[in-house]
Amino acid sequence: STDHSTYIAALVARKGARGQKTFRASRPYFQYLQFLRLHAAAQAAGRGVNMGEKGATSRAILGGGCFWCLEAAFLRLPGVSRVTSGYAGGDQDNPSYEQVCSGLTGHAEVVAVDFDPAVASYGGLLDLFFRIHDPTTQDRQGADVGSQYRSVIFYADDAQRAAALAARKARAPSHENPIVTEILPAPRFWPAEEYHRNYYDNHPGAGYCRAVIAPKLSRAGLKTAFLKG
């Protein structure tokens with residue numbers, strides 16, 4: 001962008017004025033390069049980067065059945081600023097809900113959870129993730145069957161990968177059957193269609209919301225939507 005070009009041009013001019021042997025890159029210069037590297041990695045993983053300490057956000061990308069269920073759960077977690085339903089892990093750009101449901105694109109239904117790490121830890125998100133779905137059923141959550149409903153954690157960096165491996169191992173003794181949750185590098189995240197947003201809270205009386213989502217929230221100790229009548 002123009003701001004980037006202006007910044008680099010100023011550094012080059014400073015270097016030329018001082019001479020090749022006497023030039024020393026400033027600390028802001030290295031911070032700027034670090035930001036560019038993080039920003040590029042963030043764009044590839046579909047997550048945001050905030051270099052400041054105040055208001056810093058991180059992103060977790062998780063799949064565990066229908067994304068309506070996961071969205072409703074994580075929206076109730078303190079420290080979470082936004083939850084976006086979407087698709088990841090497939091081989092088609094910008095797939096539609098119908099295409100993903102066909103099972104032919106290879107995508108999983110996932111949620112991108114933006115959170116403040118000073119309030120909600122990544123480990124805390126993983127704890128809720130494993131409590132809100134069954135990680136032992138391959139390509140299935142209850143009556144929802146298909147590879148798009150697989151259990152998967154897409155990690156953004158080495159720290160998230162280590163946390164995911166540790167959480168999966170710690171959760172194993174709680175289940176009779178082996179955990180099948182995949183732990184993979186974060187691919188491109190594709191946001192789902194607008195009508196999926198806040199689905200449970202916008203349609204608490206819908207059959208699926210009453211029969212599937214509300215019981216999941218209750219079992220996890222989370223508040224369910226108020227139903228009139």
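Biologist: How much accessible surface does the protein chain have, and what share belongs to carbon and sulfur atoms?

Modeller: The accessible surface comes to about 12,500 Å², of which 53% belongs to carbon and sulfur atoms; the areas come from the Shrake-Rupley method with a 1.4 Å probe. This is a predicted model, in which local features need pLDDT of at least 70 and side-chain atom pairs count only at pLDDT 80 or more, whereas totals for chains, interfaces and linings use all residues. Residues are numbered from 1 along each chain as its sequence is written, and side-chain values use heavy atoms, with hydrogens and water left out.

Biologist: Why are helix 3 and helix 5 called oblique to each other?

Modeller: The axes of helix 3 (residues 67–74) and helix 5 (residues 122–132) come within 11 Å and cross at roughly 135 degrees. Angles under 35 degrees count as roughly parallel, over 145 as roughly antiparallel, 65 to 115 as roughly perpendicular and the rest as oblique. The two helices are therefore oblique to each other.

Biologist: What makes the contact between these helices, and how does it divide by class?

Modeller: Leu-70, Ala-73 and Phe-74 of helix 3 meet Leu-125, Leu-128, Phe-129 and Ile-132 of helix 5, contact meaning heavy atoms within 4.5 Å. By class, the contact has 7 nonpolar, no polar and no charged residues.

Biologist: Which residues of helix 5 are called buried, and what covers them?

Modeller: Buried means under 20% relative accessible area (1.4 Å probe, protein chains only). In helix 5 the buried residues are Tyr-122, Leu-125, Leu-126, Leu-128, Phe-129, Phe-130 and Ile-132. Their cover includes helix 3, strand 1 (58–64) and helix 8 (207–219).

Notes: Axes are lines fitted to C-alpha atoms, for helices over the stretch in contact, and angles run from 0 to 180 degrees between N-to-C directions. Helices (H or I, at least four residues) and strands (E, at least two) are DSSP runs, numbered from the N terminus. Ala, Val, Leu, Ile, Met, Phe, Trp, Tyr, Cys and Pro count as nonpolar, Asp, Glu, Lys and Arg as charged, and the others, Gly among them, as polar. Buried means under 20% relative accessible area, exposed over 50%, partly exposed in between (1.4 Å probe, protein chains only).
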